[in-house]
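Here are my notes for you, point by point. Keep the model open while you read, and click on each residue as it comes up.

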Amino acid sequence: MKADDVKLLDLLDFRPDEGVIAFHERRMLLYDADGMGILRRDLVDAVGRPTARGLLTRLGYANGYRDAHTLQELFRWDSPAEWYRAGPLFHGLEGKAAPIKIQLPPVAQGKPGDIEIRWKDCHETEQHLRHIGPATESVCWSLTGYMSGYFSACLGEEVYFIETECQAMGRPGCRIVGKTRARWGKTLAPYLDYFKASSTQDKLRELEQALRQHAQAVSRQKRETAHWKRLALRTQEPGVPIAKSPAMRDVLELAERVAGVDTTVLLTGESGTGKDLLARRIHVQSPRAQSGTFVAVNCGALPEPLLESELFGHVKGAFTGAASDKKGLFEEAHRGTLLLDEVGEAPMPIQIKLLRALQDREIRRVGANTPIKVDVRVLAATNKNLERAVARKEFRRDLYYRLNVIKIALPTLRDRRDDILPLARLFLEQFAKAQGKALRGITAEALNLLTAYPWPGNVRELENVMERAVVLATRDRITATELPPAVRAGRVEPTLGTFLEPRSLAELEKQAILAALERHRGSRTRTARELQISLHTLWRKLKAYQAASPKSSP
Ligand SMILES: [Zn+2]
């Protein structure tokens, strides 16, 4: 039997009723070449080129090794050389490539020299070019593996093929050279990994080891950081807001700048955003911290007569129960700072008196006739939309202008997500200390819930949640169980909804890709690098998006 006499149809036993194509009782499968091409591309995307190459090389190796044995069992070959040649010819029979040259060394005592095989138009080249793109290195990974397996089986020792020329690199055809391991010597070293199944295992073990070392380093670093943080806390002045987020940093910077200027400041923002803390900070950073105190009053908490007396004081007998003269907060804050919290709730008569106090820099105690000069810097805070209140005539326009010389708008906690965890940790530390509990952290699950929650009550709500969690904590870390049901339910924040509301993975992927592309100003190379996908994959997806969009312009 000669290798050239082998016909595929003789070899295969088609049993359509059983759904089987048998090759000497080995079940064979017919695959669409493009299917293999797509698999190849996905493998490269998923595990990277070297690992993908290794997988395909070993797939080919296993096939080649088995084919060699099957062909040996099936035929009585005229000579061993015919059996050897049958392998490369089999490629042509199976539709894998067109063999153009098979050069076997003179077989002397079954010990061959170099084997050279050439082919062209192989399916791997075609699929690689179609699904991955032009190559700068050889791409006939499974065919090279196949020949290695085939000849290793034939010769009973390790034979390795290396592709020295490849059609995918613009050559007229592909050329592979096979030698025993010993004959290759050091040249083989960079290729050997592709043949070894264990190399993936080794890589995983290496990665595992590296991860473990990294984790140890991180926990060491965490202990250090915690140490420094505790030290910092002791020296930190009270009320310094945490500001890792750009939004909050901007606010602090503005506050610092206005601190030195003796002007009225209007602090706006949802309740719980820390307007009172910021007001205190402005005072602390201002020269008034040396000359006077910081006094705050909630204009929404008291009925009008009480509020008036609270703000401006009263004289003995001014009203029932006014048993003696009393200083008001304006006087208390003399040469210091007065915060009018919830100023939007101040009743109309009080608004008039506030305006006068601001304009004339003097106040009159309730029931008194003589005014008292006061030197007070007034800060006002509100969670109301004062402009709307002015339009509705619920708030005096002149007072609004007087207060709104400089406006600082505090961001909501959901607009400063970077600050959620640092704040949570700070509160944890403070409450744990206050309650005498040894708590060292927050579980990952709880951290995820904290960052996902929309925090309608802002920092104050977070503070309350952490206080409650510290009270409930039974272990050394805050777990999800200690968080309130609303936080655990992970309600998704509406303004982020465009990104987070439930939609298909494909849609999320598209948004991520387009956003990255915009970030990199259209640079596909940088976008692909950031997203860790191949340039080809990016290109393919963009093309698909363009095709799917009816209004797409070229
Ligand atoms: Zn090739």
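Which residues does Met36 touch, not counting residues up to four places away in sequence? Have a look before you read point 3.

1. First, some ground rules. This is a predicted model, where local features need pLDDT of at least 70, side-chain atom pairs count only at pLDDT 80 or more, and totals for chains, interfaces and linings use all residues. Residues are numbered from 1 along each chain as its sequence is written, and side-chain values use heavy atoms, with hydrogens and water left out.

2. Now the overall picture. The protein has 25 helices and 18 strands; helices (H or I, at least four residues) and strands (E, at least two) are DSSP runs, numbered from the N terminus. Of its 554 residues, 43% count as buried. Buried means under 20% relative accessible area, exposed means over 50%, and partly exposed is in between (1.4 Å probe, protein chains only). Among contacts (heavy atoms within 4.5 Å) between residues at least 6 apart in sequence, 67% join residues at least 24 apart.

3. Back to Met36. The answer is Tyr31 and Leu59, once residues up to four places away in sequence are left out. Met36 is found in helix α2 and counts as partly exposed, because its relative accessibility is 25%. Met36 and Gln127 are 91 residues apart along the chain, yet their C-alpha atoms are separated by 7.6 Å.

4. Next, see how α2 meets α5. The axes of α2 (residues 33-47) and α5 (residues 123-131) come within 9 Å and cross at roughly 60°, which makes α2 oblique to α5. For the angle names, under 35 degrees counts as roughly parallel, over 145 as roughly antiparallel, 65 to 115 as roughly perpendicular and the rest as oblique. Axes here are lines fitted to C-alpha atoms, for helices over the stretch in contact, with angles running from 0 to 180 degrees between N-to-C directions.

5. The buried residues of α5 are His123, Glu124, Thr125, Gln127, His128 and His131. After α5 comes Gly133, with a positive phi near 120°.

6. Helix α3 (residues 49-74) and helix α6 (residues 141-155) have axes that come within 6 Å and cross at roughly 40°, so α3 is oblique to α6. Their contact residues divide into 11 nonpolar, 10 polar and three charged. α3 passes α6 in a right-handed crossing.

7. Two strand residues are worth a click. Arg27, in strand β3 (residues 26-28), is exposed, with a relative accessible area of 57%. Beyond residues up to four places away in sequence, Arg27 touches Gly19, Val20 and Ile21. Lys120 lies in strand β5 (residues 115-120) and is partly exposed at 34%. Lys120 and Ile100 are 20 residues apart in sequence and 7.1 Å apart in space, C-alpha to C-alpha.

8. Is Gln351 buried or exposed? Gln351 is buried, with a relative accessible area of 0%. Gln351 lies in helix α15 (residues 348-360). Leaving aside neighbours within four places in sequence, its contacts are Ala346, Glu394, Phe395, Arg396 and Leu399.

9. Finally, check two loop residues with a positive phi. Lys393 is not a glycine, but its phi is about 60°; you'll find Lys393 in the loop between α16 (386-391) and α17 (397-403). Trp455, also not a glycine, has a phi near 50° and sits in the loop between α19 (444-452) and α20 (458-472). Lys393 is exposed, with a relative accessible area of 70%, whereas Trp455 counts as buried at 0%.

How values were computed:
A crossing is left-handed if the near helix is turned anticlockwise from the far one by less than a right angle, and right-handed if clockwise. Ala, Val, Leu, Ile, Met, Phe, Trp, Tyr, Cys and Pro count as nonpolar, Asp, Glu, Lys and Arg as charged, and the others, Gly among them, as polar.
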